[in-house]
Amino acid sequence: MGGSSETAQALWYVGPGKGEIRAETVPPPKAGEVRVRAVASALSRGTERLVFSGMVPESEYDRMRAPFMGGAFPFPVKYGYAMVGRVEDGPAELKNRLCFGLYPHQTVFNLSAENVVPLPRGLPAERAVLAANMETALNATWDGEAEKARKIAVVGAGVLGLLVARLCVKLDRNVTVVDIEPARGEIARKFGAGFAAPEAAPTGCDLVVHTSASEAGLATALLLAAFEATVLELSWYGAKEVKVPLGGAFHSQRLRLVSSQVGHVAASRRATWTHRRRLEEALRLLDDPALDALLAPSVAFGDLPKKLPEILNPTSGVLCQLIRYQ
């Protein structure tokens, strides 16, 4: 392949509530690899908050590994999976293309050519950092069979919940986003969905998607479900034990509480969809300027160690934190 070694800068989580930027040598790319220079990435606030806080359960160390993670849980860990960069060295069809990869926050890196996905022409790099979240949201709509539901509630107006709501709106479903933060209603309405506080949320929903990662949110989700409805759990709680209210009408309503996770393609699509095809579809679905409402103003990569406690604080109000490299 040619090329030369280069010193990169990478973000590492090194202890509870502490991150630092470390230098590391990137060797010349091998045959079949591409050299990528970072343009933008995003912090996955739910998952990376757990990593940053040291809250990944020991039982989940293997399953929680990001595809190209460095180090080992609990610390030090180089983590992340929402990277957009420009290919500087590689096959002619990829050279100079903006591509998405499930790579941690790092200024330059090598990756197998099969593990980078070119962005559709015209898709901004900044919006493309949502690809991993969109892929999770897409998989959730498949797991929940959203196309069959007439009335849908999404409990939790974070990035994932709002993306699920947007996809369900595009399926021409009746969608209400439920959250305790009234300010999230503006984005929900921009996405074509209704919005309600938990105490005013509509009941009798055929599908309820829960993304708030809170016991109260899950209890609300169960209350909103219609007879024989599905409550789809997308939240990841880490080491936190969660009380699930399975009394009341849970049994008489014959509710289904179902988990959804992006590590496997939804069973309903697994015979015909690969992980790569699903990611390509997620990138295509990001051709939607309304989604820019999810992106917080960017933070320079070099400022991350001092900014992380604020960004990853549960009360920060940030949806998707954009990181700029150039």
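I began with P74, which I found in the loop between β4 (70-71) and β5 (77-78); strands here are DSSP runs of E with at least two residues, helices are runs of H or I with at least four, and both are numbered from the N terminus. The peptide bond from F73 to P74 is cis, with omega near 5 degrees. P76 lies in the loop between β4 and β5 as well, and the bond that joins F75 and P76 is also cis, with omega about -10 degrees.

I noted for myself that this is a predicted model, in which local features need pLDDT of at least 70 and side-chain atom pairs count only at pLDDT 80 or more, while totals for chains, interfaces and linings use all residues. Residues are numbered from 1 along each chain as its sequence is written, and side-chain values use heavy atoms, with hydrogens and water left out.

Next I looked up helix α3 and its partners. I read that α3 (residues 131-143) and helix α7 (residues 275-285) pack at an angle of about 105 degrees, with their axes 8 Å apart; the axes are lines fitted to C-alpha atoms, for helices over the stretch in contact, and the angles run from 0 to 180 degrees between N-to-C directions. The two helices, α3 and α7, are therefore roughly perpendicular to each other, on a scale where 65 to 115 degrees is roughly perpendicular, under 35 roughly parallel, over 145 roughly antiparallel and the rest oblique. On the α3 side I listed A131, M134, E135, L138, N139 and W142, which meet H275, R278, L279, E281, A282, L283 and L285 in α7, where contact means heavy atoms within 4.5 Å. By class, this contact of α3 with α7 has eight nonpolar, two polar and three charged residues; Ala, Val, Leu, Ile, Met, Phe, Trp, Tyr, Cys and Pro count as nonpolar, Asp, Glu, Lys and Arg as charged, and the others, Gly among them, as polar.

R278 is placed in helix α7, and, leaving out residues up to four places away in sequence, R278 touches E135, L138, N139, W142, V262, H264, V265 and W273.

I then turned to the packing of α3 with helix α4 (residues 159-170), where the angle is about 55 degrees and the axes are 9 Å apart. That makes α3 oblique to α4. The crossing of α3 and α4 is right-handed, a term for a near helix turned clockwise from the far one by less than a right angle, with anticlockwise giving left-handed. The contact is made by N133, M134, T136, A137, L138, A140 and T141 of α3 together with V159, L160, L163, V164, L167 and C168 of α4. By class, the contact of α3 with α4 has ten nonpolar, three polar and no charged residues.

How far does α4 reach from its first C-alpha to its last? With twelve residues, α4 reaches 17 Å, close to the 16 Å expected at 1.5 Å a residue, the expected span being 1.5 Å times one less than the number of residues. Eleven of the twelve residues of α4 are buried, so α4 is largely enclosed by the rest of the structure; among the buried ones I noted G161, A165 and R166. Just after α4, D172 takes a positive phi of about 65 degrees.

I looked up two further residues with positive phi. E228, which is not a glycine, has a positive phi of about 60 degrees; E228 sits in strand β14 (residues 225-233) and, at 42% relative accessibility, counts as partly exposed. R254, also not a glycine, has a positive phi of about 55 degrees; R254 lies in the loop between β14 and β15 (256-259) and, at 52% relative accessibility, counts as exposed.

My last entry is on P314, in the loop between α8 (304-311) and β17 (320-324). P314 is exposed, with a relative accessible area of 61%.

How values were computed: Buried < 20%, exposed > 50% of the residue type's maximum accessible area, 1.4 Å probe, protein only.
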